[in-house]
Amino acid sequence: MGFARGTRWVNAEGALHPDYPLPDLDDPVMRPFWSAAREGKLVFQRDRCAGIVHWPPKPHYWAGGELEWFEATGLGRVFSFVVAHEPFLPAFQHLLPLILAIVETDEGPRLVSYLVDCPAETVRFGMRVEVVFKRLTSEVVLPLWRPLRDETQDL
Amino acid sequence: MDGLDRDLFERIRDRVAIVGIGHLPFAKNIGRPIADTAIEAIQLALADAGLTAEDVDGLSMYEMEATQEVTIARRLGVRDLRWWDKVAYGGGAGAATIMHAAAAIACGLASVVVCHRARNRGAKSSRPWAQERGIAQGDKSLYLPWGLIRPVDIVGLYAHRHMHVYGTKREHFGNVAIAARKHAQQNPYAMMRGRPLDMETYLGGRVISYPLTLYDCCLETDGALACVVTSAERARDLRQRAVLVHSVAQASGPNPVHLVNFNNTPDAEMTAAFCARLLWQRSLLKPADIDCAQIYDAFTPLVIMGLEDYGFCKKGEGGPFTENGRIEIGGELPVLTSGGGLSEAYVHGFNLILEGVRQIRGTAWNQVPNCQAVLVTGASPVATSAMILRAP
């Protein structure tokens with residue numbers, strides 16, 4: 001599953017702000033997502049029989065079918081975006097103007113994220129993007145998206 | 001909708017009425033805690049209805065208000081509170097406070113219910129998004145770790161997509177801001193009275209979340225508002241012309257996430273689309289029967305999308321619908337006739353309910369002639385509610 005690519009890690013900008021809103025890693029429903037992100041992988045959950053991808057994920061005792069997690073291609077398109085200016089959360093102040101986006105992944109889930117390596121004026125609806133990972137703490141890695149540059153990776 | 005639901009709703013439709021309204025003057029800093037202002041607003045609403053605290057036996061309020069029901073009951077002088085309820089999801093709760101009261105009255109659990117909203121949000125430090133600290137739990141873990149939490153960004157994502165897919169223009173959003181501001185000029189309580197807005201000023205607004213600017217955003221206000229709900233039968237003997245709760249609904253959609261709801265359906269419909277279907281199924285009226293609409297306006301694009309979702313035009317036509325004064329007083333469908341959250345006061349939409357009541361009574365500052373039916377809606381990026389008020 002997945003396929004080899006160049007580096008998929010982006011650098012953090014120094015010390016994490018004390019008020020950074022880190023995700024709750026103790027939530028059993030989301031834990032597989034964050035565990036995989038820590039390894040630089042984007043994973044989703046699907047119904048083994050019906051093939052439906054659930055986002056947000058369901059609890060393991062979901063009655064609607066048999067669940068499994070799988071590694072996503074890490075490719076998607078910009079479904080929508082905004083360019084955020086002040087006033088903003090202190091933990092993100094250094095990132096302004098921040099391109100907040102909804103990325104529609106090739107597997108279907110629409111993820112909240114922000115775009116990196118990408119001037120705001122170059123963002124387009126439907127633009128191909130690939131996942132990259134940013135380490136926030138030893139435990140938390142955040143999936144982000146950047147424009148897909150090497151189109152040959154767009155399988 | 002199955003037949004059972006329609007039959008059950010007949011117990012509520014036109015059988016419950018709003019009989020009193022009241023509010024304190026809106027302010028940037030009202031100078032008193034909400035546990036205090038709420039009581040005074042409720043007293044005003046009871047006086048308007050010709051009722052007293054001793055007549056009240058139910059309370060319905062927003063969950064985003066820390067005051068306890070028993071505190072309100074005690075300070076107000078309610079003799080024996082026997083039904084109470086708090087509705088969640090901020091601006092999605094407005095019509096639902098009335099809906100729950102109506103259900104309680106229709107079922108005999110309460111006879112006179114006070115619904116209210118008191119909120120001190122004028123101070124910059126009071127913005128909920130600016131209070132975020134620590135671990136993002138529950139649904140927030142799906143968006144807050146990426147910095148998405150300001151409502152302007154969330155609505156901006158819907159709005160920008162709408163512009164891309166349907167060709168909606170900033171001028172269309174501007175038409176909403178300008179209509180609300182125009183209506184506010186006649187409203188002595190409106191925060192933006194005396195500060196008219198034109199398109200040039202609108203288009204030059206400071207960018208908050210591109211493509212949205214300052215004038216696309218609602219105000220931040222301290223306020224306290226209340227209304228009194230009872231049976232239509234009892235309403236006949238009271239002081240004011242009864243305003244009937246004709247249809248009312250709550251909806252979340254099939255795969256809801258609080259605030260950031262882009263996976264609800266393949267088309268990323270907002271909760272308003274689901275609420276509208278239920279609202280019209282329960283109603284004997286249709287969109288063409290509505291004389292004015294108080295569509296939740298935390299941000300201008302919500303009004304345009306609301307016009308579509310509640311059936312006044314087709315999906316994608318909400319922008320052009322706002323042209324040629326159609327949504328201003330004297331137009332085909334005046335919206336936000338008191339100025340709304342954009343120009344009267346932002347109090348999680350409870351002012352929209354009071355304005356709906358004034359329009360049916362015929363006492364609004366921008367009165368729609370012979371107003372027989374009004375739509376009042378709640379916030380659409382969250383689990384929401386909406387209702388149709390009508391004349392008896």
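Mentor: Two residues are in contact if their C-beta atoms, placed from the backbone, lie within 7 Å. Keep in mind that this is a predicted model.

Trainee: Which residues is Phe125(A) in contact with, leaving aside its neighbours within four places in sequence?

Mentor: Start with its place in the chain. Phe125(A) lies in the loop between E7 and strand E8 (128-135) of chain A. Set aside the neighbours within four places in sequence, and the contacts of Phe125(A) are Val78(A) and His164(B).

Trainee: Is Phe125(A) buried, exposed or partly exposed?

Mentor: Count C-beta atoms within 10 Å: 20 or more means buried, 12 or fewer means exposed. Phe125(A) has 14 such neighbours, so the residue counts as partly exposed.

Trainee: How far apart in space are Phe125(A) and Pro32(A)?

Mentor: In sequence, 93 residues separate Phe125(A) and Pro32(A). In space, C-alpha to C-alpha, the distance is 30 Å.

Trainee: Which strand gives the most to the side of chain A that touches chain B?

Mentor: The contact takes 28 residues from chain A and 28 residues from chain B. On the chain A side, strand E5 (75-84), strand E6 (98-105) and strand E7 (110-114) each supply at least two residues. That side divides into 21 nonpolar, three polar and four charged residues. With six residues, the top contributor is E5(A).

Conventions. Residues are numbered from 1 along each chain as its sequence is written. Chains are lettered from A and ligands numbered from 1 in the order in which they are written. This is a predicted model: local features need pLDDT of at least 70, side-chain atom pairs count only at pLDDT 80 or more; totals for chains, interfaces and linings use all residues. Helices (H or I, at least four residues) and strands (E, at least two) are DSSP runs, numbered from the N terminus. Ala, Val, Leu, Ile, Met, Phe, Trp, Tyr, Cys and Pro count as nonpolar, Asp, Glu, Lys and Arg as charged, and the others, Gly among them, as polar.
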